[in-house]
Amino acid sequence: MTTEVVQAASGVFSLAWLLVALPLFGAAVLLLGGRRTNAWGHLFAVLMSASAFVVGFIIFLSMLGKPAEERTYDQHIYDWIIVGKFQIPVTFHLDQLSITFVLLITFVGSLIHIYSIGYMAHDPDRRRFFGYLNLFVASMLLLVLANNYLLLYVGWEGVGLASYLLIGFWYARPAAAVAAKKAFVVNRVGDMGLSIAIMIMFVTFGSVTFGAVDAGVGQADSTTVTWLGLALLLAACGKSAQVPLQSWLFDAMEGPTPVSALIHAATMVTAGVYLIVRSSAIFDLSTTARNFVIGVGLVSLLFGAIIGCARDDIKKALAGSTMSQIGYMVLAAGLGPAGYIFAIFQLVTHGFFKADLFLGAGSVLHGMKDRQDMRRYGALRALMVITFVTFIAGYLAIIGVPPFSAFYSKDDIVRAAVTQNWFAGAATLIGAGITAFYMTRMVIMTFYGKARWEGDEHPHESPFVMTIPMMVLAIGAAVSGFALVNIGSIVSWLEPVTGFVESDPPIGDALLKVITLALVAIGVGIAVAQYGRREVPAVAPTAVSPLTKAARVDLYGDAFNEAVFMRPGQYLTRVLVFFDNKIIDGAVNGSAALIGGLSGRWRRWQTGYVRTYALSMVGGVCLVIAVLLLVRL
Amino acid sequence: MDPNAYVLLSAILFTIGSVGVLVRRNAIVMFMCVEVMLNAANLAFVSFAHANGNLDGQAIAFFVMVVAASEVVVGLAIIMTIFRTRRSASVDEENLLKY
Amino acid sequence: MSVVAAAAAQAAQDSSWAQTVIFWVCAPLSVLGALGMVVSRKAVHSALWVAVTMINLAILYVALQAPFLGMVQVIVYTGAVMMLFLFVLMIVGVDSSDSLVETIKGQRWLAIVLSLGVGVALIAAEGNSIVGPAVGLDAVNAADGGNVQALARLMFGRYVLAFEVTSALLISAALGAMILAHRELHTPRSTQAELSDSRFRLEGPKGPRLVPGVYARHNAVDTPALLPDGSIAIDSVPGPMQARGALRPVDEPALDEVVEVFEGHAVLTAPVTPESSGDSDGEGEN
């Protein structure tokens, strides 16, 4: 809930429109300009993205200079939809939450743009890639800067579109095309939730701007609020790859690695968390919805972690990790005012370390001729030093080793969870242990052990254009947690937007930290014992536990979708086709045949004989006279 | 003498003529039946004229006769032409409009 | 005819029982005529029955104080129109007769039923339409000095337009008939000489067929005639006999005699034989 006054944008804040306009312009130039822009397209895109970051940073600095109550600005661009009571303006809403996201998106985004110059250097379609990247950045910024849910939805759809285009970037590859389609379709299911939420909002509050909803939610009746919350949760599940809409995230790894880093780690998948936090007014009032959110976060947390333990493809393992980490964020958001800020905190740190991990994986791929099977890696730490160091930074961050970033953010979440809900608390703790396990496994399989690759890979370090962004992100992964707690407090920064409640765990803060670190250490130890001491087989062993088998197939996520939705859907279409062919076509053709048959019969009246015609004439005369008689009578 | 009797006779003649038109196959005989029907109509007109004391009926009957005569002329010429090409005066022969 | 008509008209005016009698004689006859027309097999018979109907109707017209119309009926209808019918019948084929078998299924009884329906409807509609006794045309006729004059007044007065139109109609009908019945001759008409010539060319010279017994001693039917050169004219024997081969053999001496007569060496004298009594073959010298 906001405790601030919304001001009209002026001065520096009136540059807000540039945030969306610059990357959008970049996308337009690159995509419409076509092959003519091939030579300089990528640099132009980087320029646009970086300029957006500069503008965002300037606005951020100006915002820092203002007192806490005066940090909200609305820049009205134009009135988009005016239909009776339904009024949707295009207005950019600048407040602490949105500027946080803006900085994250543009900073990480610009770094990944620079990285992509090197990663996609040999791809003839590089210009198109950058056009799509800019389109993505523009849509994501629109999403976080919108001041009403419908404009947010536009950005929501925009990022979905960009995700589709980027996953299926190598569209000639069947796996990529199918993955893009799957991502889009599963997202659509979630989008339905957002549409329904917007409709409920309009019917209940008469408007869909954040201000109107926040103001009106107090008077709305509680079932409406709960349904709103559930609808928004469904939308968040779709975009953030939470259970039950998580199946697309693993297939999305078909896209180029920068895409996985930017979209499926740092930014797009966090849009769901943004939505929940932005709608904090709704979730504050509905315990049922919050419980559902916690449930979803909890399940996804464990799901993702378990899957990450068994996948041999480095990117798919990282995808499982993403799902798990976002589970943490969603769980935190479900804890109410106690957890909103920590969800965003984790989001920011996750943006740094996950992007770093993905870019590192991309660098490994680049050196290993795009082979993604970790069983074919091994002993790369001497050959790809910078990659190794940055990867380790991200690794230490994700498992929560102090003073790296996630130590702070994840611990806050654990504390809040333990305070409110034993289940949630237990899940976060266990999740921390499993995270440590699978991340250590990944590091060992990739960088330690014996070299298991055969064939003609010559692992080499990536060029500077790729390693410099990785280094910057590694620094961010290392210090962002510390910085956001001790140098500038993220809690006090965001508190005016979401509200905050201090969590006091029953077993004490310090003890909780110790337990967390102990679990992390146990996880690391098991992984080292299993993978470090013994030889890693080059071919995945088949004699494994049922849980491993299940985890290798994403805990039957795809199988479930297929059985519950796809097959009945196919069956339904077959029934409908049958119905259409036999019954509708049958009716139509049948009526045509009927008429044809009737005409064939009646045609025999045309005997050609004059006398039959004369007969019908006489019959007609008889009829006419009879009718006249009847009328006269 | 009930004047309605003439009208009755006219109706009877009309009916008989109508049956003849429908039943006979020879074109010329059909034509003759049509003439009988026309005559029946004439009779009706004349008897109405007599009953109403008005000569209009007779005038109409006169014109009917004129028209019937010219109709016979043309009709028989047509029948003869058809006969020349088809060598038959049967009305059933002309059934090209058959389905 | 006109005397009868005048008498009938007078009678009709004088007493209504005369009118009744005329009616009850002429009406059944006209119905009979119509029926006869419908059921006759031969077309010419139908034409004659129609004439019967028409004359009876003419008498009825006269009885109904329409003498002019009655006469016109006899002259135009019975006279001109029916004669025209008969002429065309002669061109088309006088002995053309319809078979009584009806080729279209259901036509006959449907025709009777529907026509009866029309008749009944007509009777129901107008069968009792005349209320009260007939007014009669005496006054109207007298007003102009006679039926003809009164009709003339009407026709050239009130109905003059219809009159002109019908006269145009008559002219077009006549023209139409001429055009329709006209036969374009594409080749010049053959003269009799040409016809005969072509006949002979096609079939060969053919005189009349020889009667049996000519140039022979016997005139029995089965004795073939002899041609001048002594050969048998097989065609002089009737066809069936030719087919059966029942020819009486020719008398050889007689044959030689004939040849000598032909060559002018001898003269034929009638032999005294029982068979040749009555017939003289004395043709003299040939």
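**Legends: chain C and its partners in a predicted model**

**View 1. Contact between chain A and chain C.** Ten residues of chain A are in contact with 14 residues of chain C. The model shown here, and in the views that follow, is predicted. Put together, chain A and chain C bury about 1,000 Å², and carbon and sulfur atoms carry 78% of that area. The salt bridge count between chain A and chain C is zero. One residue pair in polar contact is found across this interface, with both residues at pLDDT 80 or more. The side of chain A that touches chain C is made up of seven nonpolar residues, two polar residues and one charged residue.

**View 2. Contact between chain C and chain B.** Here 86 residues of chain C meet 68 residues of chain B. The area buried between the two chains is about 7,000 Å², with 74% coming from carbon and sulfur atoms. Between chain C and chain B, 17 residue pairs are in polar contact, both members being at pLDDT 80 or more. Sorted by class, the side of chain C that touches chain B holds 56 nonpolar, 23 polar and seven charged residues.

**View 3. The salt bridge between chain C and chain B.** One salt bridge is counted between these chains. The partners are C:Arg158 and B:Asp56, and their closest N and O atoms lie 3.4 Å apart.

**View 4. Helices of chain C on the side that touches chain B.** Seven elements of chain C are labelled: α2 (16-39), α3 (43-63), α4 (67-92), α5 (107-126), α6 (138-144), α7 (147-156) and α8 (160-181). Each of them supplies at least two residues to the side of chain C that touches chain B. The most come from α4(C), which gives 14 residues.

**View 5. Chain C on its own.** Chain C contains eleven helices and two strands. Along the sequence the elements run α-α-α-α-α-α-α-α-α-β-β-α-α. Chain C has 286 residues, of which 32% count as buried. Among its contacts between residues at least 6 apart in sequence, 46% join residues at least 24 apart. The accessible surface of chain C is about 17,500 Å², and 66% of this surface belongs to carbon and sulfur atoms.

Technical notes
Residues numbered from 1 in each chain as written. Chains lettered and ligands numbered in written order. Predicted model: local features only at pLDDT ≥ 70, side-chain atom pairs only at ≥ 80, totals over all residues. Heavy atoms only, no water. Contact = heavy atoms within 4.5 Å. Buried area = accessible area lost by both parts, 1.4 Å probe. Salt bridge = Lys/Arg side-chain N within 4 Å of Asp/Glu carboxyl O. Polar contact = N/O pair within 3.5 Å; in protein donor to acceptor, adjacent residues only side chain to side chain. Helix = DSSP H or I, 4+ residues; strand = E, 2+ residues; numbered from the N terminus. Nonpolar A, V, L, I, M, F, W, Y, C, P; charged D, E, K, R; others polar. Buried < 20%, exposed > 50% of the residue type's maximum accessible area, 1.4 Å probe, protein only. Areas by Shrake-Rupley, 256 points an atom, 1.4 Å probe, with all protein chains shown as cover.
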